[in-house]
Amino acid sequence: MAPSLAERYQAVQAGLRPGVTLVAVSKTRTADEIRALYELGQRDFGENYPQELREKAPQLPDDIRWHFIGHLQRSNVKHVVPVVHLIHGVDSLRLAEEIDKRAAAAGRAVDILLQVHIAREETKHGLSPDELRDAVRSWPWSAWPHLRLCGLMGMASNTDDRDQVRREFEGLKQLFDDMGADARPAGAFNTLSMGMSGDADLAQAAGSTLVRIGTALFGPR
Ligand SMILES: *Cc1c(COP(=O)(O)O)cnc(C)c1O
């Protein structure tokens, strides 16, 4: 018999190291599926698409912490900012600037992570390590009072080569440790978002503080 949602949830929780936050990745899942996991106690959920977030959030309890983990376009920032708890994928100055502007308009501060490109695969998303250093040190953070830079996010290569994945996570952890002293506002830089269903164990061994897990909770998409 296939394991129940409660059994899968328990198995995922059993794999969490102390202090590591579990974000349940609920892209493509219905509001009912999300509510079922909420009723088992889960409060952090991750969505990739602004439209889906906008449709589902109003149907679900107010105390859910919504994480935006997808690629965010500037034109969609205004839809995400009012409901979001943490935006994981910030990778350009103009996106950060837009989030600050929309956060100011909404009368709130928004927590963000900078996304770093650590995988071998080619992608447009994520800063290179050099771009990251430049972003942390040279973007005009003090001109953005409605943004809080809370840490980094990354995705490892989609490969069976576990050594490769481990090295990528260790590289991101090193960058996280190196950037902490320079990040502004001081004291907020405490989140390292890395690890998914297939590699959460390696990510946590390397120092992740937050894992984003979909398939292992809800089954295949
Ligand atoms: C879909 C997704 C996940 C979850 O992946 P699973 O393999 O289903 O656990 C995590 N992070 C991001 C950025 C995603 O897009």
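Strand E6 (147–155) and strand E8 (210–213) each contribute at least two residues to the shell around the ligand, where strands (E, at least two residues) and helices (H or I, at least four) are DSSP runs numbered from the N terminus. This is a predicted model, in which local features need pLDDT of at least 70 and side-chain atom pairs count only at pLDDT 80 or more, while totals for chains, interfaces and linings use all residues. Residues are numbered from 1 along each chain as its sequence is written, and side-chain values use heavy atoms, with hydrogens and water left out.

**Around the ligand**
- Among the 13 residues around the ligand, those that come nearest are Lys27, Asn48, Ser197, Thr215 and Arg221, a residue being near if one of its heavy atoms lies within 4 Å of the molecule.
- A polar side-chain atom of Arg212 lies 2.9 Å from a nitrogen atom of the ligand, and a polar backbone atom of Gly214 is 2.9 Å from an oxygen atom of the ligand.
- Of the 390 Å² of accessible area that the ligand has on its own, the protein covers 90%, with areas taken from the Shrake-Rupley method with a 1.4 Å probe.

**Aromatic pairs**
- The structure holds five aromatic pairs, counted when the centres of Phe, Tyr or Trp rings (for Trp, the six-membered ring) lie within 6.5 Å, with planes under 30 degrees apart called stacked, over 60 edge-to-face and the rest tilted.
- Phe176 and Phe189 form a stacked pair, 5.2 Å centre to centre with 25° between the planes.
- Because Phe176 lies in helix H7 (residues 162–179) and Phe189 in the loop between H7 and strand E7 (191–193), this pair ties together parts that are 13 residues apart in sequence.

**Backbone**
- Most residues other than glycine have a negative phi, and most peptide bonds are trans.
- Arg184 and Pro185 are joined by a cis peptide bond with omega about 0°, and Pro185 is placed in the loop between H7 and E7.
- Thr28, in the loop between strand E1 (21–25) and helix H2 (31–39), has a positive phi near 70°.

Technical notes. A polar contact is a pair of N or O atoms within 3.5 Å; within protein, one must be able to donate a hydrogen and the other to accept it, and residues adjacent in sequence count only if both atoms are side-chain atoms.
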